[in-house]
Amino acid sequence: MKIHIDIDCFFVSAIRTIDPSLEHKAVAIGGRSDTKIFDNEAKNQTVNLENSGSFVPTFYKAYEAKDDDLNAFRDSDGKIRGILTTSSYEARSYGVKTAMRIEDALRLCPHLIIKAPNMSLYQKLSHKLHEFLQTKIPLIEQASIDEFYGDLSGWIEDEDVEEFIDNLRHEIKKEINLPVSIGAAKTRYIAKMATSYAKPFGCKLINKHNFDKIINPIKVEDFAGIGRSMSKRLKDAQIHTLGELRKRRGTLESWGPYAKELYKRVEGLSDAPIQTKHERKSIGISRTIEPVYDRVELRRRVHILARHLNFAIQKLGVIPTVYHLGIRYEMNQKSHKNISLCERFTEKKFDSLCISLFNEADIHKRLCVIRLSINCSSFTQHSRKELSLINFADEEKMEKLTKQNQKLREKYGLDMLKWGSEL
């Protein structure tokens with residue numbers, strides 16, 4: 001039997017562990033793209049390489065109490081910007097939803113308390129819960145910062161699973177003060193569906209006796225793995241619920257391997273093993289910005305993004321061989337440029353490469369840019385690519401300098417050393 005554990009309203013629940021006065025109140029966590037990294041006085045920037053998931057950034061500004069002020073989300077023109085990363089159930093009763101604009105949420109719930117993200121706290125509690133679960137379950141997988149899977153096979157008898165997960169959620173609340181919901185089923189995919197029925201702070205077991213009753217009415221778009229395009233294709237075929245999908249096996253199998261696998265997941269016939277460790281395959285950084293036309297300013301921002309991404313790559317101790325830079329413009333225009341490069345990784349070379357990719361990708365020079373992104377992947381340990389030995393000696397010197405810069409930033413902060421072109 002597999003179980004799925006999800007922390008209820010995690011970011012709000014986390015802040016309540018240090019501020020009990022927020023219990024039973026309408027609370028939401030505000031977020032906005034951290035464009036402060038582009039300020040010359042930028043500081044307190046940090047990096048998260050251990051957790052991932054929705055609204056969990058790799059790079060972020062460290063939490064400061066003054067950020068909890070609503071004015072922290074207000075621009076110089078007085079307009080409140082940003083979206084909600086999560087909200088309490090008390091706030092949701094007013095119609096407040098995740099990804100809603102803060103301004104709209106305050107109209108629905110004027111007494112809504114807006115708190116700033118505190119990523120360090122979230123990571124601390126997430127790790128604490130992970131360590132606790134490892135003492136209770138032989139195989140545990142952390143799927144995201146607030147989501148876990150466990151395998152109870154050979155550990156807990158099927159008839160005892162319901163009692164086990166009920167006791168587990170109360171133990172977690174007592175030990176870590178976090179409310180969780182737990183779903184259990186034969187496969188991880190169905191267990192995840194069970195969790196949605198368990199919320200908030202509940203548990204739900206889906207077995208052969210209640211499978212049809214629970215699964216059949218679920219809308220196809222609510223099943224994990226069915227994205228927007230597949231959902232549209234299913235609805236075009238008059239398949240709106242999982243029950244209707246289960247009756248159309250032939251239709252799905254005719255659509256190819258992906259749809260065939262999807263059918264098996266819905267039927268509870270396909271599963272995936274619990275992975276106790278996840279190996280990172282890529283890393284990137286992106287920022288949505290106010291429209292900028294000045295190409296000199298945009299290149300300055302590329303330098304800054306490259307410095308941040310270099311810091312993370314050095315911490316990971318990897319050598320990327322595929323580099324990607326993307327640009328999003330006004331008027332819904334996009335452009336990108338990729339390059340494969342099998343050479344030693346140094347900060348100076350990476351910085352120059354990012355500028356070169358930007359120059360090549362910038363094909364709509366008459367338009368303002370509203371988003372920049374850089375991504376690195378295909379690390380050498382995951383591929384059979386061999387590094388070039390051309391200019392090996394020179395690169396060895398630059399690599400030593402890169403490592404020295406990394407040590408200084410590790411000790412004094414990511415913004416301790418900057419390129420002159422950033423100023």
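This report describes a sheet, a helix pair and a cavity in a predicted model.

## Basis

Residues are numbered from 1 along each chain as its sequence is written, and side-chain values use heavy atoms, with hydrogens and water left out. Because the model is predicted, local features need pLDDT of at least 70 and side-chain atom pairs count only at pLDDT 80 or more, while totals for chains, interfaces and linings use all residues.

## The sheet

An open sheet is built from five strands in the order β7-β8-β1-β9-β10, with mixed pairing. Strands are DSSP runs of E with at least two residues, helices are runs of H or I with at least four, and both are numbered from the N terminus. Two strands pair if DSSP finds at least two bridges between them. The edges are held by β7 (139-144) and β10 (203-205); each has a single partner strand, so one side of each is left without a neighbour in the sheet. On average, neighbouring strands are turned by 15 degrees against each other, direction ignored. Axes here are lines fitted to C-alpha atoms, for helices over the stretch in contact, and angles run from 0 to 180 degrees between N-to-C directions.

β7 pairs with β8 (residues 147-151) in the antiparallel sense over five bridges. The two strands form a hairpin with two residues between them. S144 stands opposite E147 in β8, and Q142 has F148 as its bridge partner. Helix α5 (residues 161-176) packs on the sheet and touches β1 (2-7), β9 (180-185) and β10, contact meaning heavy atoms within 4.5 Å. The direction of α5 makes about 160 degrees with that of β9.

## Helices α1 and α4

The axes of α1 (residues 10-18) and α4 (residues 119-134) come within 10 Å and cross at roughly 90 degrees. That makes α1 roughly perpendicular to α4, a label for angles of 65 to 115 degrees.

From α1, the residues F10, F11, A14, I15, T17 and I18 meet L121, Y122, L125 and S126 of α4. This contact divides into eight nonpolar, two polar and no charged residues. Ala, Val, Leu, Ile, Met, Phe, Trp, Tyr, Cys and Pro count as nonpolar, Asp, Glu, Lys and Arg as charged, and the others, Gly among them, as polar.

## The cavity

The structure holds one cavity of 30 Å³ or more. A cavity is a set of points on a 1 Å grid over the protein atoms alone where a 1.4 Å probe fits but cannot get out, and lining residues have an atom within 4 Å of a point. Grid points are joined across faces, edges and corners, and the volume is the space filled by probe spheres set on the points.

The largest cavity has about 50 Å³ of space. Its lining consists of Y323, L341, E343, R344, F345, T346, K349, F350 and L353, divided into five nonpolar, one polar and three charged. Helix α13 (residues 347-361) supplies the largest share of this lining, three residues.

Terms used:
On a 1 Å grid over the protein atoms alone, a cavity is a set of points where a 1.4 Å probe fits but cannot get out, and a pocket is an open set with protein on both sides within 12 Å along at least five of seven lines; lining residues have an atom within 4 Å of a point. Angles under 35 degrees count as roughly parallel, over 145 as roughly antiparallel, 65 to 115 as roughly perpendicular and the rest as oblique.
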